[in-house]
Amino acid sequence: MAMHIVIAGAGDMGYHLAEQLSHENKDITVIDLDSDVLDNISSHLDVMAIMGDSSSIEILSNANIARADLLLAVTTSEKTNLVTAVLAKQLGARKVIARVRNHDYLLAENKVFFHNLGIDAIISPSLLCSEEIKRMMKNSTFSDVIEFEEGKLNVVGITLDRFSPLVNKMLSDASTSPIFHDIRIIAIVRDQLTIIPKGNTYIRNGDHVFFISNKEAVESIKKLIHHKEVLVKQLMIIGGDDLAFSTALKLEESYRVTLIHKDKERCKWLAQRLKHTLVIHGDYKNVSLLMEEGLETMDGFLALTDSSETNIITSLSAKNHGVYKTIAHVDTREYIHISHSIGVDSLINKKLVAANYVSRYLRKGNVELVSGIHGVDAEFVQYSITKNNRITKKKLKDLKFPDSAIVAGVIRGEEVFIPDGQFQLNLNDKAIVLALPSAKAVLEKIFN
């Protein structure tokens, strides 16, 4: 029987979640007060739409909440989300997640209050996104950084240019270097297509390549691609809404941050709350203003306004003025897919970050973590090996893995492995698998 999921809120985030989940053969009901957004979602996606207030018991009952495996309360009203989540749990939903804006709610010591109310998780897309930006800035060489088990294993992405010693080599020849003992190329994005490479795959100029490595070997990747790292000290942020605020808050302790926003009152509000950030009121679309405020002396530029186009254009402009690392927030899926070819170092999408977080609640079996990558069709799934069966009795090459998936790394207690075909999994191992959507069903069978 298909998993029954109820989504309260058919706005941007609700739509994005429904779209992601509808690909996975889930039974989805969406609730919203606005008939236009409901018409939009039901004409594009295979979902049931209910018009009404999700914090009403009658509306939740109409959505069959008693048999829901998961309720996602992601309306624009924090209060509606919390009331919806509490009621849904009382009415029989197995798991409930609520979207919130208030930073106090997300403090570790306050999460217990929500747990006591029956809410399984509260999420703030802005906060999740600012954590990801912080990780990207810390590893500024790379466009993408995903950590597993607090960094025991890392996946990093970078676009290779024609000067890279890997370009125009076959993978099996390139990986004869001893450096490859602790690192592996696990995915290549070329012309918006995601390739899980084999030994006979050629690496081309402009390929966006993903490596996996243990903590120590991240430096080896930089050597391998002949990349000279720049120490990032000064950052400019444009934008002033929740994402820009939570990002400045996270980064101001470690970097010198200048934030530029166009709304005078909001600038006053930001200046009161950001202790070490220089807040400037001005039009961030005006490049000469950015220059006056020191754009050319910046090491990093974060475009976090509410306009994807503004963010991309100002980031490209910053790149032209010699800024080492640029990150642009974009709302549109299409932009994310072309990110690696347009010249902005990293694109980030709040809804995608939140959807990655939510999807770990949806997997069957022993899944500990799910992480998607911006602009890549594949996702990482971390499985726990909880029983001795076929999977622990055979070598990886004999497990009939689909071509569209790869065991990228294994964590065994304190040890980490980048496995080859001869590797054998043990009980209690954590296996990190990179999989294209077509591999999901087969993987669930193998790992359960």
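This is a predicted model: local features need pLDDT of at least 70, side-chain atom pairs count only at pLDDT 80 or more; totals for chains, interfaces and linings use all residues.

In which hand, left or right, does H9 pass H10? I looked this up and found that H9 passes H10 in a right-handed crossing. A crossing is called right-handed if the near helix is turned clockwise from the far one by less than a right angle, and left-handed if anticlockwise.

Residues are numbered from 1 along each chain as its sequence is written, and side-chain values use heavy atoms, with hydrogens and water left out.

**Entry: H9 and H10.** I noted that helix H9 covers residues 242-251 and helix H10 residues 264-273. Helices here are DSSP runs (H or I, at least four residues), numbered from the N terminus. The two axes come within 11 Å and cross at roughly 25°; axes are lines fitted to C-alpha atoms over the stretch in contact, and angles run from 0 to 180 degrees between N-to-C directions. H9 and H10 are therefore roughly parallel, a label for angles under 35 degrees. In contact (heavy atoms within 4.5 Å), I found Asp 242, Phe 245 and Leu 249 of H9 with Arg 266, Trp 269, Leu 270 and Arg 273 of H10. By class, that contact has four nonpolar, no polar and three charged residues. Ala, Val, Leu, Ile, Met, Phe, Trp, Tyr, Cys and Pro count as nonpolar, Asp, Glu, Lys and Arg as charged, and the others, Gly among them, as polar.

**Entry: H6 and H9.** Next I turned to helix H6 (residues 125-138), which packs with H9 at an angle of about 45°, their axes 9 Å apart. The H6 side of the contact includes Leu 127, Ile 133 and Met 137, and the H9 side includes Leu 243 and Leu 251. I counted six nonpolar, four polar and four charged residues there.

**Entry: H1 and H2.** Helix H1 (residues 12-22) and helix H2 (residues 35-44) pack at about 15°, with axes 11 Å apart. That makes H1 roughly parallel to H2. Gly 14, Tyr 15 and Ala 18 of H1 touch Asn 40, Ile 41 and His 44 of H2. These residues divide into three nonpolar, three polar and no charged.

Key
Helices (H or I, at least four residues) and strands (E, at least two) are DSSP runs, numbered from the N terminus. Angles under 35 degrees count as roughly parallel, over 145 as roughly antiparallel, 65 to 115 as roughly perpendicular and the rest as oblique.
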